[in-house]
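Me: I have a structure open and want a quick tour. Can you walk me through it, one spot at a time?

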Amino acid sequence: GMDELVALYGGAFALTYASFFEGFGIPIIEAFKSGVPVITSNTSSMPEIAGKNALIVDPHSPEEIQKAMTTLYNEEALREKLKAEGLKRVEEFTWERSAQALYGSIMQCLKE
């Protein structure tokens, strides 16, 4: 359940989710809901789901991912800002809106 996920994510310093493709981005929303800062990819649905509430990186660039991780580690004010913004962002994802976005992602995959 969500309580177990919050406990699991809550112990994390950050979520680095730099995958090459993501249908919807549920781990990003789970991290936001748990108050965990997020680093994610600039590909597929991830920037749309994260909005301006995460550090966005090129998943093909280990240097960019490392730089984002170092920045997040060194800048407490940034971590706190991303935590607060993520908690606000997750409120925008109602079950209905999430279901519509997931359906849209599935339809896009079927077209490709």
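Me: Let's start with Gly35. Where is the place of Gly35?
Reply: Gly35 is in the loop between α2 and β2. Helices here are DSSP runs of H or I with at least four residues, strands are runs of E with at least two, and both are numbered from the N terminus.

Me: Before we go on, what kind of model is this?
Reply: This is a predicted model, where local features need pLDDT of at least 70, side-chain atom pairs count only at pLDDT 80 or more, and totals for chains, interfaces and linings use all residues. Residues are numbered from 1 along each chain as its sequence is written, and side-chain values use heavy atoms, with hydrogens and water left out.

Me: OK. Is Gly35 buried or exposed?
Reply: Gly35 counts as buried, at 18% relative accessibility. The cut-offs are under 20% relative accessible area for buried, over 50% for exposed, and partly exposed in between, with a 1.4 Å probe and protein chains only.

Me: Which residues is Gly35 in contact with, leaving aside its neighbours within four places in sequence?
Reply: Lys83 and Leu87. Contact means heavy atoms within 4.5 Å. Gly35 also sits 9.0 Å from Glu85, C-alpha to C-alpha, although the two are 50 residues apart in sequence.

Me: How many salt bridges does a search of the whole structure find?
Reply: Three. Another one joins Glu85 and Lys81, with the closest N and O atoms 3.4 Å apart. Glu85 and Lys81 are four residues apart in helix α5, so about one helical turn separates them. Then Arg89 bridges to Glu92, where the closest N and O atoms are 2.7 Å apart.

Me: Are Arg89 and Glu92 buried or partly exposed?
Reply: Arg89 is buried, at 11% relative accessibility. Glu92 is partly exposed, at 39%.

Me: New topic: the inside. How many residues has the largest nonpolar core?
Reply: It has 15 residues. Those with the most contacts inside it are Leu15, Ile28, Ile29, Phe32, Val38 and Ile49. A nonpolar core is a set of buried Ala, Val, Leu, Ile, Met, Phe, Trp, Tyr and Cys residues joined through side-chain atoms within 4.5 Å.

Me: Which elements give two or more residues to this core?
Reply: β1, α2 (26-33) and α3 (46-50). The largest share, four residues, comes from α2. There is also a second, separate core of eight residues, with Val57, Ile65, Ala68 and Leu82 among them.

Me: What about aromatic pairs? How many does the count come to?
Reply: One aromatic pair. Phe13 and Tyr73 have ring centres 5.6 Å apart and planes at 40°, so the pair is tilted. The rule covers rings of Phe, Tyr and Trp (its six-membered ring) with centres within 6.5 Å; planes under 30 degrees apart are stacked, over 60 edge-to-face, and the rest tilted.

Me: Which parts of the chain does the pair link?
Reply: Distant ones. Phe13 is in the loop between α1 (2-10) and β1 (15-17), while Tyr73 is in helix α4 (residues 62-74), 60 residues apart. Phe13 is partly exposed at 41%; Tyr73 is exposed at 57%.

Me: Now Ser44. What is its phi?
Reply: Ser44 has a positive phi of about 40°, although it is not a glycine. Ser44 lies in the loop between β2 (38-41) and α3. Ser44 is partly exposed, at 39% relative accessibility.

Me: Last, the whole chain. What does its secondary structure come to?
Reply: Six helices and three strands. Read along the sequence, the pattern is α-β-α-β-α-β-α-α-α. Of the 112 residues, 39% count as buried.

How values were computed: Salt bridge = Lys/Arg side-chain N within 4 Å of Asp/Glu carboxyl O.
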